[in-house]
Amino acid sequence: METTELKERPRNLGGSMKTPNVQALAADEKKLTVEIMERYIRPEMNGDDMFSDDSSEDIPVIDMNRLMDEMSMSREEEASKLKHACEEWGFFQIVNHGVPEKVIEAMKDNIKGFFGLSLEKKEEVAQLPGDLEGYGQAFVQSEEQKLDWVDMLFIFTQPPHFRNFKHWPAQPPTFRDSLESYSRELQKVAHSILGFMATNLGINREKISELLFESQTVRMNYYPPCANAHDKVVGLTPHSDPGGLTLLLQVSSVAGLQIRRNGKWFPIMPLPGALVVNIGDILEILTNGRYKSIEHRAVINAKEERISIAAFHSLILGKTVGPLAEIVDKEMPLYKSLSMQEYMKLVLFQKLNGKGIIELMKLNP
Ligand code: OGA
Ligand code: NI
């Protein structure tokens with residue numbers, strides 16, 4: 001596949017309207033006027049259909065050690081578990097993923113440290129108008145739009161020449177080193193999972209590079225508690241991830257992530273030490289729909305804050321987002337092909353809206 005490498009990341013990707021800092025709002029009850037809360041309250045949260053707790057189903061857990069063990073019979077068993085997880089769930093957890101515990105713990109400490117700084121300090125890396133990198137909110141395109149109960153820090157981490165340290169917090173002092181190691185380790189894990197997916201999809205070893213997601217962005221989410229209306233606001237609007245493969249680290253011990261499964265919301269509580277993996281829209285398109293991206297959302301706790309770190313792995317600019325030749329030489333393509341640049345424009349000029357991107361990419365919607 002042709003690639004034209006860009007020297008730095010493009011700057012004209014659109015941004016988000018400035019909205020109030022949610023952490024500061026949540027910290028001061030006096031600020032929570034009816035008018036302000038009106039922008040966050042979601043009538044549709046009433047009557048939400050939840051999975052019952054006694055459901056016998058549980059999200060698949062993939063053991064990366066077993067997948068990598070070339071000598072063992074368990075490898076095939078685990079590969080077929082991964083296939084099932086990709087085809088039937090779109091969401092799974094991985095354990096024994098090989099990211100050193102000290103890298104994860106340092107990342108957790110540093111992000112807690114960052115969100116614990118004063119607003120003024122955090123705003124040293126605030127998003128700038130028309131841009132999406134930095135500390136702020138994402139996907140706000142109009143005054144009428146309902147807002148999410150979250151602040152986020154969004155950073156381009158890979159490829160390394162896309163980094164702009166202006167957006168990387170200088171406080172806590174170990175933040176940058178820690179994010180850099182975390183980013184590198186997670187990219188290794190993403191590549192390893194994609195390799196096993198390619199084998200499951202029957203894609204030739206030499207062609208796997210077409211599936212490799214060399215770009216990575218990291219979004220660190222801070223969901224403050226919402227004492228008087230936690231069940232009426234949303235931390236993150238239902239959406240599927242527009243990238244290829246997401247690896248999520250839950251930093252806090254309170255639950256919040258929910259996925260839409262058979263029309264109902266299914267809560268996910270990560271195992272200690274696990275990473276949550278999910279299929280994004282690009283992987284759905286590349287696999288011509290064999291793997292599907294899954295809608296998910298984050299809900300809010302009444303008493304406790306929640307922090308999560310999502311690493312999005314995606315195609316680099318210059319590549320094409322479209323069904324892989326190796327797959328559509330045997331079947332009809334179901335999705336359009338766009339350059340990565342055009343695809344990013346499509347994504348970034350809309351608000352979050354369920355599987356909206358996929359609807360736009362379908363050839364016969
Ligand atoms: C995301 C996301 C879920 C969470 O950042 O795209 O879905 O649990 N996060 O924070
Ligand atoms: Ni997401």
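Asp58 lies in the loop between helix 2 (34–38) and strand 1 (61–63); helices (H or I, at least four residues) and strands (E, at least two) are DSSP runs, numbered from the N terminus. The model is predicted, so local features need pLDDT of at least 70 and side-chain atom pairs pLDDT 80 or more, while totals for chains, interfaces and linings use all residues. Residues are numbered from 1 along each chain as its sequence is written, chains are lettered from A and ligands numbered from 1 in the order in which they are written, and side-chain values use heavy atoms, without hydrogens and water.

Asp58 is exposed, with a relative accessible area of 57% (exposed means over 50%, with a 1.4 Å probe and protein chains only). Apart from neighbours within four places in sequence, Asp58 is in contact with Trp89 and Phe266, where contact means heavy atoms within 4.5 Å. Phe266 is 208 residues away along the chain, and the two C-alpha atoms are separated by 9.3 Å.

Four strands form an open sheet in the order 6-11-8-9, with antiparallel pairing; two strands pair if DSSP finds at least two bridges between them. Strand 6 (236–239) and strand 9 (264–267) are the edge strands, each pairing on one side only. Two bridges join strand 6 to strand 11 (residues 296–298), and His239 stands opposite His296 in strand 11.

A polar side-chain atom of Ser308 lies 2.6 Å from an oxygen atom of ligand 1, and one of Asp241 lies 3.2 Å from an oxygen atom of ligand 1.

Terms used:
Buried < 20%, exposed > 50% of the residue type's maximum accessible area, 1.4 Å probe, protein only. Polar contact = N/O pair within 3.5 Å; in protein donor to acceptor, adjacent residues only side chain to side chain.
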